[in-house]
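Trainee: Before we look together, could you take me through the terms one by one and show how each conclusion is reached?

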Amino acid sequence: MQFYRSCMNMEQIESQGAQPLKDVLNQIGGWSITDVEETKDFNETLQILMGRYNTFPFFRVHVGPIPSDPKTNIIQIDHPEFELPPESEFKEKNYLEVLRVYLSYLRKLGVLLGGTQDGPPDSFSPTLAFISNLQQVVTPLKKRQESGMLFFRTTIRELQENAPAIDWLSCLQAVFHPMPMNLSQPIAVHDMDYLRGMSQLIEKWHKGRVLHIYMIVCLVGNLSPALDSRFQDVRLDLYKILYGKMGSRMIPAERWRKCLTDTSSFFEPVLGKMIVQEIFPQQTKKLAEQMFSEIQDALYDRLDELEWMDEQTRQSAKISVSKLQVEIGYPAHTLQTAKVNLEYQNLEINEDTFFLNVVACLKILRENSYLKLLQHHPQNKWHVYPWSVHSYYSIRHHMVVFPAGMFRSPFFHIEFPSAVNFGAIGVFMAHEILHSFYGYVLPEGCPTCNRSALQKSIDCLVEQYESYSFNVSGTFTLLENTADTGGLTIAYQAYKNWQKKHKEEKDLPKIGLSHDQLFYLSFAHAMCGHQEPEKLQFSLNTDPHSPLPLRVCGPVSNSQDFSKLFHCSSGSPMNPDNKCRIW
Ligand SMILES: [Zn+2]
């Protein structure tokens, strides 16, 4: 709360201006415009940036599991995330224009930090040239995948030989302090060619202040979101030009949104516990788990009915579902208060000093990465916050996740008629389980199945979705469409089975719908949303889900039960003669 309040205290933030950042810059040798200008050792400055401010100008360090052995964590080194987008992203736009815009952004930052309009005497142009050089040595992802160099296991010693400009042992010691490190420490690198090229560039540019200015620019980029509104405006201008209208959404307009995002990312473990206690009581968890097992049973029955699937595949599909790891509500560690307290025990937050709070939190993030390295079992496999409204299937962990945030109105309520709960959350549950079957739908995915029957069903769905006037690619969205259509069928069956086992629920007064109809209404309601036309156009090429109206019309028009319940005449748009289904 204190952190959030310090973030909302704009008056205080405005009155402090750029001074808190200037103080930080001066500690690492300063800049010609910040009153201090000392020459500091390159590697020493880099260590301070990484260890104290979680800023990684030349390469990124993080801790993550080994792909072939997900239970073991390892230090991983990758190229940095550049604030300036690489040239390859701007094929159509004039890249020189992008450089010009970025340069003017750097100059504006210089002015805000006390420089003149012409920029500091150690001009930004060479810095920009250096960034561009660095970006050019990044190996494209595809090339790394093809050469099998995406995850290369090595040691600090070998890395030191390959990229000698960096003092790797000291840098990694700074990041993982107090964990002891030695040259034999195993690590994994994602792009060794980049690290070699980067090292050569550092040696080449070592004279002069370019490397120092580049490090300062990275630090300013990382910390300036914690400064006053002038800094936010400059960033917003940059993003608007670089990314068009999408850019203005990258910086939230309302202050409270930014503060909420910052608070969430720094205090996830603490907030997770508070929110779970508030919105996700044990009865909710229990009911959700019962619903999930009903969905699972309906899916087993459905597998028995599939004509295109052979007996052996059917059995292995059932085993695969039974082995699925199901996470409902929150990750197990959320309620382990002692661990959370340990992570935050040294943190001091003051309501008047937002900038210093952010700096203190960055240090905590750094320390937590050290704790993560010590834990052999990855503590948190979740990609989402417990309070988010987003379920997913993880191929890597063969796991489905339904965070607590989903178990709220209009998706779910303990007092809602079960038709409403199954129509919304039930469909999402079935949808995610079906994603674990993605392999069968791929070409050559099931050689023992009746491939021609399966192909017929696939073609049917592809044609159906391409026939709508949304210009979607039926092939690109196929996996989501099969999960939408199959999810609805399975959840409805699960609901009917549930109904038989539980006491009868009375019809709701005044709405004139039976419970069975309510199931479909709840489904449509859960999928309902607003998509701006411009965003929709963009998502057609990037989002494997169909546009929202199709996520409703597609599945219901494939449902015989829906047509019967809502008396759709045969051959009408919602009741076509040709119905498609895979699951
Ligand atoms: Zn999906």
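Mentor: Let us start with burial: a residue counts as buried under 20% relative accessible area, as exposed over 50%, and as partly exposed in between, using a 1.4 Å probe and protein chains only. This is a predicted model, in which local features need pLDDT of at least 70 and side-chain atom pairs count only at pLDDT 80 or more, while totals for chains, interfaces and linings use all residues. Residues are numbered from 1 along each chain as its sequence is written, and side-chain values use heavy atoms, with hydrogens and water left out.

Trainee: What makes K258 buried or exposed?

Mentor: The relative accessible area of K258 is 14%, and because buried means under 20%, K258 is called buried. D262, at 15%, is buried as well.

Trainee: Why is the contact of K258 and D262 called a salt bridge?

Mentor: A salt bridge needs a side-chain nitrogen of Lys or Arg within 4 Å of a carboxyl oxygen of Asp or Glu. For K258 and D262 the N to O distance is 2.8 Å, so the pair qualifies. The two residues are four apart in helix α14 (residues 255-279), about one helical turn, a helix being a DSSP run of H or I with at least four residues, numbered from the N terminus.

Trainee: What does the pair K496 and D516 tie together?

Mentor: K496 and D516 form a salt bridge, with their closest N and O atoms 2.8 Å apart. K496 lies in helix α22 (residues 478-501) and D516 in helix α23 (residues 515-527), so this pair ties together parts that are 20 residues apart in sequence.
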